[in-house]
Amino acid sequence: MARVLTPRAEDFPRWYQDLIAKAKLADNGPVRGTMVIRPAGYAIWERMQAEMDARIKAAGAENAYFPLFIPESYLKREAEHVEGFSPELAVVTHGGGKQLAEPVVVRPTSETVIGEFMAKWIDSYRDLPLLLNQWANVVRWELRPRIFLRTSEFLWQEGHTAHATREDARAYARRILHEAYEDLMVNVLGIPVVVGLKTTRERFAGATATYTCEGMMGDGKALQLGTSHELGQNFAKAFDISYSSAEGGREHAWTTSWGTSTRMLGGLIMAHGDDNGLRVPPKLAPVQAYVMIVKDGEGVAEAAAKLRDGLRDAGVRVALDDRTDTAFGRRAVDAELRGYPVRVEVGPRDLAAGNAVVVRRTDGSKAPTPVADVVGAVLAALEADQRVLHDQALAHRESRTVEVSTLAEAIEAAATGWAKVPWSAVGVAGEAEANGQGVTVRCLLRADGSVPDSEDESDLIAILARAY
């Protein structure tokens with residue numbers, strides 16, 4: 001396998017690119033910064049979508065769809081928002097062979113266009129809260145593209161809500177943060193995340209507060225996996241999202257927005273992948289068990305099909321590989337690369353002894369197992385290995401996180417992992433100094449690990465790291 005992928009310890013970025021190519025997850029698109037997501041990669045994204053969509057709907061939001069093209073004037077209504085996104089905008093000036101009367105922006109995010117329609121749809125306090133989500137593509141012109149992590153076009157969900165009070169908006173932004181995002185990342189993706197508050201310098205353009213889920217990747221760098229924002233009344237005032245209160249007055253709503261994207265796929269690769277390829281947590285895996293015919297004949301094909309059916313009946317997502325015209329070793333390497341949690345290898349020799357071989361992707365262990373016990377062994381392996389991947393990622397994060405007391409120590413520690421340092425030892429000036437050396441404040445936490453309301457609270461802890 002070392003000949004298939006560049007070893008992670010030798011060149012982590014090259015390993016990442018090798019894995020994406022060899023596992024057939026994605027390819028570069030024809031326009032710089034775009035990507036083609038191949039079936040193997042898209043199948044994982046579909047699983048992420050389904051799990052996330054269920055959690056979003058459980059929080060009461062409904063799916064809708066809004067236009068790809070946004071009038072340029074919409075973005076200009078919220079000054080901080082347009083300033084933050086201007087360098088990344090793709091702007092259309094011609095359509096149908098003619099110059100447009102007003103340029104239109106290819107959506108980088110949809111606060112402005114959704115705000116326009118929220119203002120149209122909301123009249124009374126009875127219309128609140130309005131909880132919307134859309135699955136869509138967005139465009140942010142990326143200067144240094146990297147597949148799944150930073151591309152000019154990517155897929156995501158973006159939620160947008162309007163509330164009668166600031167307290168209700170804050171509670172909902174945090175509900176999504178914990179019940180949708182953190183829950184999915186920890187319990188399905190198997191990535192332990194630190195959940196905290198972004199600094200003013202790092203928060204979303206136009207937001208009053210940004211909350212984030214930060215994961216540590218295999219090389220010790222951080223990756224922002226999802227964010228939830230309080231927008232205050234900034235967009236409500238810019239777009240006149242207002243309502244008649246129960247007392248008869250006219251009030252501006254309080255809004256939120258929140259999003260996760262195909263960046264989670266990049267995080268999955270870098271958090272769990274090894275020198276043999278991808279390792280997909282069983283709860284997420286499109287194929288949880290991969291039944292492979294080693295060599296045909298002597299009842300092998302029939303036994304393999306029966307095992308496939310038994311696994312499917314037990315609720316396992318299963319596929320059968322009967323391509324005996326392709327060398328088994330090559331097929332096994334491909335299965336390793338794609339990270340199928342469990343392989344069940346069926347060959348004449350083992351079958352003659354009444355066995356199949358159960359192979360676990362987490363550690364590569366191979367166990368000859370009586371055919372009658374295979375389904376139970378696979379179910380047990382899937383349950384155990386979901387925990388294994390999370391626990392390994394958590395142990396990795398803990399081993400690469402150090403507590404320090406000064407900014408200089410934090411910047412030094414960020415060369416190999418994360419630093420925990422008192423926010424009071426960093427501050428606004430220290431954050432700018434760290435940024436100049438390629439280190440960012442990933443988030444702020446209270447001493448007990450909970451999420452603060454403001455960076456002005458006392459005794460906050462800052463997480464500093466290099467990041468993707």
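## Terms and basis of the model

A residue is called buried when its relative accessible area is under 20%, exposed when the value is over 50%, and partly exposed in between, with a 1.4 Å probe and protein chains only. Helices (H or I, at least four residues) and strands (E, at least two) are DSSP runs numbered from the N terminus.

The model is predicted, and local features need pLDDT of at least 70, side-chain atom pairs count only at pLDDT 80 or more, while totals for chains, interfaces and linings use all residues. Residues are numbered from 1 along each chain as its sequence is written, and side-chain values use heavy atoms, with hydrogens and water left out.

## Backbone exceptions in loops

Most residues other than glycine have a negative phi, and most peptide bonds are trans. D459, in the loop between β22 (440-445) and β23 (461-465), has a positive phi near 60° although D459 is not a glycine, and at 64% relative accessibility D459 counts as exposed. E298, which sits in the loop between β15 (289-293) and α9 (300-313), likewise has a positive phi, near 60°, and is exposed with a relative accessible area of 69%.

A cis peptide bond joins L128 to P129, with omega near -5°. P129 belongs to the loop that runs between α5 (111-121) and β7 (130-139).

## A buried helix and its crossing partner

Helix α8 (residues 263-272) is mostly covered, with 10 of its 10 residues buried; among them are R263, H272 and M270. Its axis and that of helix α1 (residues 12-22) come within 11 Å and cross at roughly 115°, where axes are lines fitted to C-alpha atoms, for helices over the stretch in contact, and angles run from 0 to 180 degrees between N-to-C directions.

In the contact (heavy atoms within 4.5 Å), α1 contributes F12, W15, Y16, L19 and I20, and α8 contributes G266, I269 and M270. By class, this contact has seven nonpolar, one polar and no charged residues, where Ala, Val, Leu, Ile, Met, Phe, Trp, Tyr, Cys and Pro count as nonpolar, Asp, Glu, Lys and Arg as charged, and the others, Gly among them, as polar.

## Enclosed and open space

On a 1 Å grid over the protein atoms alone, a cavity is a set of points where a 1.4 Å probe fits but cannot get out, whereas a pocket is an open set with protein on both sides within 12 Å along at least five of seven lines, and lining residues have an atom within 4 Å of a point. Grid points are joined across faces, edges and corners, and a volume is the space filled by probe spheres set on the points. By this rule there is one cavity of 30 Å³ or more, and the largest cavity has a volume of about 60 Å³. Its lining includes E111, M118, H160, F235 and T256, and α5 gives the most to that lining, with four residues. By class, the lining of the largest cavity has five nonpolar, five polar and one charged residues.

The largest pocket has a volume of about 1600 Å³ and is lined by 48 residues, of which E88, R140, R150, Q224 and R263 lie nearest its centre. At least two lining residues of the largest pocket come from each of α4 (79-85), β8, β11 (222-230), β14 and β22. The classes in the lining of the largest pocket are 14 nonpolar, 18 polar and 16 charged residues. R263 of α8 is itself among the buried residues of that helix.
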